[in-house]
Amino acid sequence: MLAVRRVRAHSALFAALLGVCLLLAALGTGLAGYLGAQARQAVSAGIAALDGSAAELRYDAPTADDAGRQDARARAIIDRELVRAGGAGMPVRVTAAPAANGDDTVWTITPIARQVTPADLPALATVGDRILKALLADSVVGSQGVEKSGTLDEHAAALQVSIAPLAAVEPVPLLLVAAIGLVTLAELGRLLDGVRTRETSLLRSRGASAARVGWTTAAETAVVAGIGAAAGTGVALGVLAAIGSPSTDPVPAASVAVAVVAVAVVLVTGVALASARRTFRRGAADETGRVRRLAAPALVLLLVAAAALSLWRFLQFGSPLSPTAAGAEVDPLAVLAPALCLAVVAVAGLALVPVVAAGVERVAARGDGIRATTVAREVSRRVRMIASPFVVIALAGGGLVLAATYQPTWETASTRTAELHAGADLVVTGTTDVATVAAVPGVGAAAPVASLSGALQDESTVHVTAVPAAGLVAAGTTALGTVDTARLAKDLAAEPVVVPLPATATALTATVAWTGAVPVLTAQLVDASGFVTEAAFSIPASSPAVVTARLPGDGVARALVALDAQLQPVGQPFESVDVVGAVSALAAEGGGGATDLLPASPWTLSPGTTVNGQATASGPLGYTGQLFSATGLRLQPADATAVPVVLSRAFARAISAHVGETPNLDVGVVPGSFPAKVTAIVDQVPGSPGNRGLLVDLRALQVATLRAGGAAVAPTGIWASSADPVATASRIRAAVPGSTVAGPRLGTSVEVLASVPRALWAGMIGGAVLALVALGAVAGELLRMRADEVVVLRALGMPPRRLAGMRRLELGVVAGAAVVVALVGGAATSFLLVPGLARAAILDPFAGAAVPLHVDALGLGLSLAGVIVAIAAILAGYGARVRRQAATLTAAEVTR
């Protein structure tokens, strides 16, 4: 009953405590639940999108004589390895069925997509090989061998990588909310103790022990905080369900609620217990309000040291992630840096308040500024009272600045990086039918692309992106203005030595004569997009003969790159045979006439030609030599031009290349080396997965490859531009069965990582509400503490309106100073940490790439305006109550 009466006597403060606990539980449960639900949904969607062999692991073994025993043994092994990898209840199905050949048994593991969570991905990524080894080691199942197929493990590993950056930034909003909540709860505990000082003294004088006071306070705090935490948890779970992100695990929500109640009880009870123990040692609490520090110097130094250590760790790694043997993991010190840095700035700003106030007081005292003098004096005297709302406002405001900088910084850097990696809005693989993709509604332009991996002599990887120069402009991405596609297209413009054919050509005719071996001719043709066409001539029956090669006749202009002659010597095996061949006439037929293609200057043999004997070029278009066996000769124009290339800065640095130089590049893409001309060096090459990249025109690369004696480069996919990539991707999949469509806006990690800025905004807005609660609570306490001053000042003739204005100005100065400190602290913290936080949340960032800081000015302006308006409303209410107090309060009421 005592506790109930004590709660009723101070219902306003306990209502504030209940509201703070409600808000803290709601924010903690909501933020953690929302981020967790986004990760779960992304994983489930990623697994559900897999089909065929990508969605399963298959183990094929010859069926044993005792098939039942073999099946039972295999299932037991699979179940055992699944439990070892991911624990009991792995969300998979295991089935067995006869193989198509009828002689084998196939055990298939398929995931249950809707039940797969991020915690299951490590097991799915590693269990495949473990099961294979276990099956092979078993004499019943693997005595005749076991074959593994399916790529579920590879896709699970890729999905795990795509959501891994979430762990680096997920704690930030939770830690900031926790810091603001701790200060707010501590302030409420202090205020509650302040209004109960006389009650505590009375209870102690009547024999109540300090422990009893503490237990009573703990019980009433636990009940009030428990009600608030339970209500907040329920609200958060309801909101999560309403927005489609329901929480499936009750443990985190319950843990948050218990933590909120425990912290509230510890803070409030701790203050009450300390006050009760001091009551008879040094009398009632001192309410003079002279200038004091918020905390002991040791605690302040500890905070500064912790912030410095955390900041050092963050800057050492460049993000909250520290490198490990397995990759990277969240560093527990570095991840605290944002909250600790904001706290240090807030405490430093608080320390300056009495110094600045004292200076203002001295300056104002020289003149007749009694109002400024009085306000400055009161602010400097009551630093302990205004410390908590000052720090909370500074933390919350700094958090809003952090949110306003993190969101655009991450969005810009992440989008730019993803678009640079992709090279285009959409990347279509599984088809090279550019015309079909270009005809899909929503596709602006399409171009073939060859994404190739090469290597330098030190075996370091170089990525080669080959795309038509015109296609780069039409279908390539500018990566938010980072890539000047028009400029790059000019840099890649090439005029290789080829023989152009009319677009109307439908056939090639040649007159060929030979001795020693029948030449089977094939024309190597290339079009402007870089597609290579092989036109095979008819086989000559005698020498000389006129042979013909049919062309596609699709109206596409092509050019002759080389002429292949496949020779089979007539004679005994490994016997030297003299061979001679010459093309005396070569023409393109079509369009109502013939176009002479016979070269005016002699062609030469490709340096990549391997001759089983010896051969040389002869005449304008011919050959001569001695052969031992079948040989292929490639005749091509003698003149060669350097291939224009654009290098990434890291690649250029690795080979010490500069713009204008003409190195012979040997990267393993073209047989041997090819003459290149460095026309530009850029930070990153579009379409490259890493820092070392090379960009080249696809047609020029094809010509260089053919001239080196290699086979034509097969395009690996199609770049497509689109204003609505998500919808267009669905149309492409429907129009081109079997195709795979990827893009910077289509990955599962996009929505997951985009949830962090939203969570940060929500947390900081909640923190601002907590700061306003703290400010309102302090305003109420100031009304009680300074009631006697009201009587004195009224007795001296100060009007109620002026008195209310001075009190309002005092609190307004404190709130205004806190907002200024918030802006300074938020700006400094954002400058130091936001680029690193953003980089940690980028999938496959380019090493060393700068992450420029951006600010959402509109969002920041609106949020700060909302906070300032709310502060003004609190100040207006506070002033109105002071004015009413001044008009009605009497000395008798104060002394009562």
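Predicted model: local features only at pLDDT ≥ 70, side-chain atom pairs only at ≥ 80, totals over all residues.
In strand β3, the bridge partner of L57 is I109.

Four strands form an open sheet with antiparallel pairing, and their order is β2-β3-β1-β4. At the edges we find β2, residues 92-98, and β4, residues 147-149, each of which pairs on one side only. Ignoring direction, neighbouring strands of this sheet are turned against each other by 20 degrees on average.

Which strands does helix α4 lie across? The helix lies across β1, β2, β3 and β4, and it runs at about 10 degrees to β1.

Helix α4 also has helical partners, and I shall take two of them in turn. In general, two packed helices are described by the angle between their axes and the distance between the axes.

The partner I take to begin with is α3, residues 67-86, which packs with α4 at an angle of about 145 degrees, the axes being 9 Å apart. This crossing is right-handed. On the α3 side, the residues in the contact are A74, I77, I78, R80, E81, L82, R84, A85 and G86, and they meet A123, V127, R130, I131, A134 and L135 in α4. Sorted by class, the contact holds ten nonpolar residues, one polar residue and four charged residues.

The other partner is α5, residues 152-163. Helix α4, residues 121-137, packs with α5 at an angle of about 150 degrees, and their axes are 7 Å apart. Here α4 passes α5 in a left-handed crossing. From α4, the residues L121, P122, L124, A125 and G128 take part, meeting D153, A156, A157, L159, Q160 and I163 in α5. This contact divides into eight nonpolar residues, two polar and one charged.

I turn now to another sheet, which is open and made of nine strands. The order is β23-β24-β22-β25-β9-β8-β26-β7-β27, and the pairing is mixed. Its edge strands are β23, at 664-665, and β27, at 740-742, each pairing on one side only. Within this sheet, strand β7, residues 426-429, and strand β26, residues 717-722, run antiparallel and are joined by three bridges. For V427, the bridge partner in β26 is W719.

Two helices deserve mention here. Helix α20, residues 725-735, packs on the sheet and touches β7, β8 at 443-455, β26 and β27; its direction makes about 15 degrees with that of β7. Helix α17, residues 485-492, lies across β22 at 643-648, β24 at 674-682 and β25 at 693-696, and it runs at about 135 degrees to β22.

Next, a single residue. V561 lies in strand β15, residues 558-569. Is V561 buried or exposed? It is buried, because its relative accessible area is 0%, and the cut-off for that class is under 20%. Setting aside neighbours within four places in sequence, V561 is in contact with V498, Q524, V526, Q636, P637, V703 and L706. As a further reference point, V561 and R634 are 73 residues apart in sequence, and their C-alpha atoms are 10.0 Å apart in space.

Helix α23 passes α24 in a right-handed crossing. The α23 residues are P800, R801, L803, A804, R807, R808, L811, G812, A815, V819 and L823; they meet L864, I871, L875, A876, Y878, G879, V882, R883 and A886 in α24. By class, this contact comprises 14 nonpolar, two polar and four charged residues.

I close with the protein chain as a whole. How many helices and strands does the protein chain have? There are 25 helices and 27 strands. Of its 896 residues, 50% count as buried. Among contacts in the protein chain with a separation of 6 or more, 79% are between residues 24 or more positions apart.

Technical notes. Residues numbered from 1 in each chain as written. Heavy atoms only, no water. Left-handed = near helix turned anticlockwise from the far one by under 90°. Contact = heavy atoms within 4.5 Å. Nonpolar A, V, L, I, M, F, W, Y, C, P; charged D, E, K, R; others polar. Pairing = 2+ DSSP bridges. Axes fitted to C-alpha atoms, helices over the stretch in contact; angles between N-to-C directions. Buried < 20%, exposed > 50% of the residue type's maximum accessible area, 1.4 Å probe, protein only.
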